[in-house]
Amino acid sequence: MLDWLIVGGGVHGTYLSNVLTGRLGWRRDRVRVLDPHPTPLARWDQMTANVGMRYMRSSLVHHLGLDPYALKRFAKTPKGRSWARFARPYNRPSYALFQRHTQCVVQNQRLGDLRVRGRADGLGRASGGWLVETDDGTLKARRVLLALGLSEQPCWPGWAQSLRDAGGPVHHLFDEGFQREALLGWRHAVVVGGGISATQAALALAKQQPGTVTLLARHPARVHQLDSDPGWMGPKNLSAFLQQPCPVQRRSTVDDARHRGSVPPAVQRKLGYAVADARLAYHVAEVTDTSTGPAGLVRLRLNAPPGTLLTDLVVLATGFEAQRPGGAWLDAAVEALGLRCSACGYPIVDAGLRWADGLYVTGPLAELELGPVARNIVGARLAAERLAHAA
Ligand SMILES: Cc1cc2nc3c(=O)[nH]c(=O)nc-3n(C[C@H](O)[C@H](O)[C@H](O)COP(=O)(O)OP(=O)(O)OC[C@H]3O[C@@H](n4cnc5c(N)ncnc54)[C@H](O)[C@@H]3O)c2cc1C
């Protein structure tokens with residue numbers, strides 16, 4: 001029987017496998033990470049490449065190494081030096097530096113060796129632990145950590161689903177298998193979304209083909225450096241949050257605190273320059289429906305000027321569905337095992353992120369305990385502190 005089975009090997013699952021084996025002293029042969037992808041952080045790599053980000057939104061102490069200053073030190077080594085760029089505020093590392101540091105951590109700590117390729121599709125109790133059903137047999141572990149992110153649930157607005165079902169040219173930036181850089185030779189691309197990912201992807205497409213891209217946001221720009229106030233990374237905001245016993249209140253605090261669909265000032269400035277140079281068009285409007293346009297184009301009807309857009313490529317950057325990640329197998333486990341959830345469907349866990357004896361959560365599933373930063377890299381680091389004291 002394993003000591004720990006982590007379900008999900010993205011940023012959270014991979015970092016926490018590093019913490020368990022590299023810091024907390026669990027035996028490497030007794031810790032495994034179950035994930036359907038061949039390499040650690042596969043979805044992170046794909047989604048961030050599609051966005052085309054040049055700098056991280058988070059600071060240089062948020063990464064997958066154990067020591068908070070590991071990335072800073074890495075930037076001074078021969079391997080890191082040529083990528084060592086930082087942006088203000090918060091000393092945000094270049095995306096290239098972050099990626100290279102992550103690769104080094106994964107290689108040096110041999111985190112790839114901890115992986116089992118597969119997908120959990122059932123969870124039940126076993127004597128002294130848990131059984132995780134997978135598409136390739138059953139795994140048994142004393143402790144299970146659910147590190148399911150949101151990457152498997154990109155949000156598709158209704159009109160876009162209908163367009164896709166009719167065979168229309170629409171993709172989601174975060175769809176598995178979608179590659180922005182493989183898109184070539186469109187006549188007019190429309191990027192739908194109002195946040196940082198939409199803006200960065202629209203800028204990247206406009207760089208590929210200037211003057212042929214429109215960014216369509218349904219709300220005016222919400223300019224914020226981070227996706228929630230930095231006070232949420234520590235006791236300043238978290239202390240009061242943790243004193244709130246009601247999970248429904250906690251959910252509403254998390255939702256209010258998160259700057260959904262927001263853009264940092266530097267990215268917003270780049271958008272302004274691109275619009276001024278006519279490299280990119282920008283409209284604030286919502287799509288109401290779609291129809292066939294002339295010359296093989298699709299017509300998007302809008303509820304505000306310019307009224308319609310003609311396009312042969314729609315790229316959605318509309319974020320993720322808000323529902324609890326996991327889907328049917330986790331729903332069934334919640335029901336069968338009587339796992340406590342709030343009205344929003346998310347786990348009610350204790351201070352050690354324990355959902356039941358030996359069953360732990362991180363990432364969005366830990367939101368009602370770790371607050372609005374739970375999904376971010378710092379959320380994984382906060383989760384490590386809780387697990388270190390609990391397990
Ligand atoms: C474009 C982009 C940029 C971002 N930039 C930043 C940033 O600069 N700083 C920051 O702090 N945060 C950032 N974030 C937010 C957050 O850090 C990332 O979304 C991060 O990838 C979340 O990691 P995760 O491990 O929780 O989730 P995921 O990346 O979704 O990984 C979860 C893994 O679990 C797997 N899985 C799901 N179900 C199962 C199952 N049943 N069995 C086995 N495996 C399963 C999935 O396939 C996936 O591989 C960004 C997010 C995006 C989308």
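Biologist: Which way do Leu313, Val314, Val315 and Leu316 point from E18, and are they buried or exposed?
Modeller: In this predicted model, Leu313 and Val315 point one way from E18, while Val314 and Leu316 point the other way, and all of them are buried.

Biologist: OK, and what sheet does E18 sit in?
Modeller: E18 belongs to an open sheet of five strands, whose order is E9-E18-E10-E11-E14 and whose pairing is parallel. The edge strands, each pairing on one side only, are E9, which covers 170-172, and E14, which covers 281-284. On average, neighbouring strands of this sheet are turned by 20° against each other, direction ignored.

Biologist: How many bridges join E10 to E18, and how many link E9 and E18?
Modeller: E10 and E18 run parallel and are joined by four bridges, with Val191 having Val315 as its bridge partner in E18. E9 and E18 also pair in the parallel sense, over three bridges, and there the bridge partner of Val170 in E18 is Val314.

Biologist: And what about the other neighbour of E10?
Modeller: That is E11, residues 213-217, which runs parallel to E10, residues 189-192, and is joined to it by four bridges; Ala189 has Val213 as its bridge partner in E11.

Biologist: Which helix lies across E10, E11 and E18?
Modeller: Helix H7, made of residues 196-208, lies across these strands, and it runs at about 170° to E11.

Biologist: Switching topic: where's the ligand, I mean, which residues are closest to it?
Modeller: The ligand is surrounded by 34 residues, and the closest are Gly8, Gly10, Gly149, Ser151 and Asn376. By type, the shell divides into 14 nonpolar, 14 polar and six charged residues.

Biologist: Which element gives the most to that shell?
Modeller: H2 does, with five residues. Among the elements that each supply at least two residues of the shell are helix H1 (11-22), strand E2 (31-35), helix H2 (42-51) and helix H13 (377-390).

Notes: Residues are numbered from 1 along each chain as its sequence is written. This is a predicted model: local features need pLDDT of at least 70, side-chain atom pairs count only at pLDDT 80 or more; totals for chains, interfaces and linings use all residues. A residue is near a molecule or strand if its C-beta atom, placed from the backbone, lies within 6 Å of it. Ala, Val, Leu, Ile, Met, Phe, Trp, Tyr, Cys and Pro count as nonpolar, Asp, Glu, Lys and Arg as charged, and the others, Gly among them, as polar. Two strands pair if DSSP finds at least two bridges between them. Axes are lines fitted to C-alpha atoms, for helices over the stretch in contact, and angles run from 0 to 180 degrees between N-to-C directions. Two residues are in contact if their C-beta atoms, placed from the backbone, lie within 7 Å. A residue is buried if 20 or more other C-beta atoms lie within 10 Å of its own, exposed if 12 or fewer, and partly exposed in between; C-beta atoms are placed from the backbone.
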